[in-house]
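Student: Let us go through this structure by question and answer. Please keep it brisk.

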Amino acid sequence: MRERLSAALDRYPVLWRSVSAILAGLLLFGSFPPRPWWFLAPLGITVLTLTVRGSGRLRGGFGYGLLAGLAFFVPLLPWTGIYVGPLPWLALSAVCAVYIGLFGLMARLLGRMPGWPLWVALAWATAEWARSSFPFGGFPWGRLAFGQADGWFLSLASLGGAPLVSFAVALTGTGAAALISAMWPRRQANYRTSGPDDVRAESNSGAASTEDAAARSGNSEVPSRAAETSGIAGTRRLRTAVVTAAVTVVLMPVAGLLLGSALPDPDRGDRTITVAAIQGSVPRLGLDFNAQRRAVLDNHVRRTKELARAVEAGQAKKPDVVIWPENSSDIDPLRNADAATLITEASEQIGAPILVGAVLVNGDRTTTNSVIVWNGVAGPGERHDKKIIQPFGEYLPMRSFFRLFSEYADRAGYFVPGHGDGVVQAAGIDIGVATCYEVAFDRAFEDAMRAGAQLLTVPTNNATFGDSEMTYQQLAMSRIRAVEHGRALVVAATSGVSAIIAADGSVRQETPQFVPAALVADLPLRTSNTLATRVGPAPEVVFVVLTAAALVAAVVRRRRAHTAAAPRTEIGQPVS
């Protein structure tokens, strides 16, 4: 059976590599929420590594990686085109797939280096860094870490954040690829990873050296002895490779499991407060959900007052802080007295400050996506202006250019980024805020944690993406952030899913979608920081630097190999 499979692979290499690249991308997609199949991610990396690794042309590695990227991102991101058509969705998927293609190119270059599973895993981490940074500030959606909220790797986020989790998943996958390569028959492994020319070169080189030694010694037994010695050495190398690869496969997930017991107790902290998250829901989904902006505001006021009546009746605990979602007041309450009055009434009736997600109109007619602390009759206090704004949504880069391709171009907003540290104080509590899209970025909570955030919140509006998987993908990111920084985290969403997340990443409470709801929970406040918080972006910087160094070494090694393999002729010697 194995021989027939090998023959088929050898006969149709492009076909089978293309099929396996698509399979790898689909496995990666399958590891993301709402599916709980996190274990498909390392398997997908295994298949992708076996597909792109080899010593053929680098463009082959890029091409297979690009194909895998399309199979991954096209089914992952359809929510980006629900109300604007398929062009933005497919264009974004294609751009993201290019980075998987770059990984394939790097994997092909690094796949011949000693210790290649490590270097290939680092290449994946570097490709994720690049995609999360460029262009237009990057697009981190689809990082391996964000599919691991239910998996064994989750606790590693407390050591090195999302970059370390992604690297651990990738290393497990490349280790499995190394194990498969080591256990596959040597002739077939050489053929698929090195190519026919390299196999012939290695075979001829080994035969020539043995025959030359025999000729010089005049001993016909030398070839057999050399072959025997070579066979013993080869067996030892094979055993070492198998053991090393097996250890690599086991190391990362086991480390994650063991570290899980060291995560902070989700119920303990310096002190405890009561927090409420309000999900008022919206009158309609889609890009026009805020056409009835007053109705959205009324929904959140109404649900807050219902909670206040439940508190008064002894049916719910009185919150110290209430959190509304992003866009809960698209009517600027700093300019509109009616909106301000409604929010004040709700804050007074619940007897607590409200974090209000509001769209504020600036003097130059630009807007900011803000979270304002509203303190009853005292009115607005501190605020967080969203710092990482969404290109092609909240603003449109090169608007005149993209207007040529889509009639929806002018529907993009004119938002401008804020410049604060991401912390607002309410009821004497320092709360770190990352609004919706911001939570995907590692830097979103960095300033807030340095400023002393004791609790984290992600106010979000998912109504513009309908009933797609987007809300569950974003919820998983929030779980990663909770573990990364060792803080309880509150997700408040307009239409769901709102959630209370403990510092160990577990979801303590969760709302259904598209119904008004209120979550009330006692949450611990903490001032101690995880190692991931203390080191910040350092792990990712190390990954990128190591990858760059390995790529330089691989290029030098490749050029030397090509030089050594080139035919040589001496001066005056006839060329046959």
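This is a predicted model: local features need pLDDT of at least 70, side-chain atom pairs count only at pLDDT 80 or more; totals for chains, interfaces and linings use all residues.

Student: In which sense do S10 and S11 run, and over how many bridges?
Tutor: Two strands pair if DSSP finds at least two bridges between them. Strand S10 covers residues 499–501. Its link to S11 is antiparallel, with three bridges.

Student: What is the strand order of the open sheet, and which strands are at its edges?
Tutor: The open sheet has six strands and mixed pairing. Its order is S6-S7-S8-S9-S10-S11. An edge strand pairs on one side only, and the two edge strands are S6 (423–426) and S11 (507–510).

Student: What is the average twist from one strand to the next?
Tutor: Axes are lines fitted to C-alpha atoms, for helices over the stretch in contact, and angles run from 0 to 180 degrees between N-to-C directions. From one strand to the next, the twist averages 25°.

Student: Why is S8 described as largely enclosed by the rest of the structure?
Tutor: Buried means under 20% relative accessible area, exposed over 50%, and partly exposed in between, with a 1.4 Å probe and protein chains only. In a regular strand the side chains alternate between the two faces of the sheet. Leu 455, Thr 457 and Pro 459 point one way from S8, Leu 456, Val 458 and Thr 460 point the other way, and all are buried. S8 (residues 455–460) is largely enclosed because its buried residues number six of six.

Student: What is the handedness of the unit made by S8, H15 and S9?
Tutor: A crossover is right-handed if, with the strands pointing away from the viewer, the path from the first strand over the helix to the second runs clockwise. Here helix H15 (residues 470–485) is part of the β-α-β unit with S8 and S9. That unit is right-handed.

Student: How many residues of H3 are buried, and which elements do they pack against?
Tutor: H3 is mostly covered, with 11 of its 13 residues buried. Among them are Leu 40, Ile 45 and Val 52. Contact means heavy atoms within 4.5 Å. The buried residues pack against H2, H4, H5, H6 and H7 (157–183).

Student: What span should H4 have, and how far apart are its end C-alpha atoms?
Tutor: The expected span is 1.5 Å times one less than the number of residues. H4 (residues 58–76) has 19 residues and should span 27 Å. Its end C-alpha atoms agree, at 27 Å apart.

Student: Is Ala 125 buried or exposed, and which residues does it touch?
Tutor: Ala 125 lies in H6 (residues 116–131). Its relative accessible area is 5%, so Ala 125 is buried. Leaving out residues up to four places away in sequence, Ala 125 touches Phe 167 and Phe 543.

Student: Where is Arg 35, and which residues does it touch?
Tutor: Arg 35 is in the loop between H2 and H3. Its relative accessible area is 17%, so Arg 35 is buried. Not counting residues up to four places away in sequence, Arg 35 touches Phe 29, Gly 30 and Glu 469.

Student: What is the omega of the cis peptide bond from Pro 33 to Pro 34?
Tutor: Pro 34 is in the loop between H2 and H3. The bond from Pro 33 to Pro 34 is cis, with omega near 10°.

Technical notes: Residues are numbered from 1 along each chain as its sequence is written. Side-chain values use heavy atoms; hydrogens and water are left out. Helices (H or I, at least four residues) and strands (E, at least two) are DSSP runs, numbered from the N terminus.
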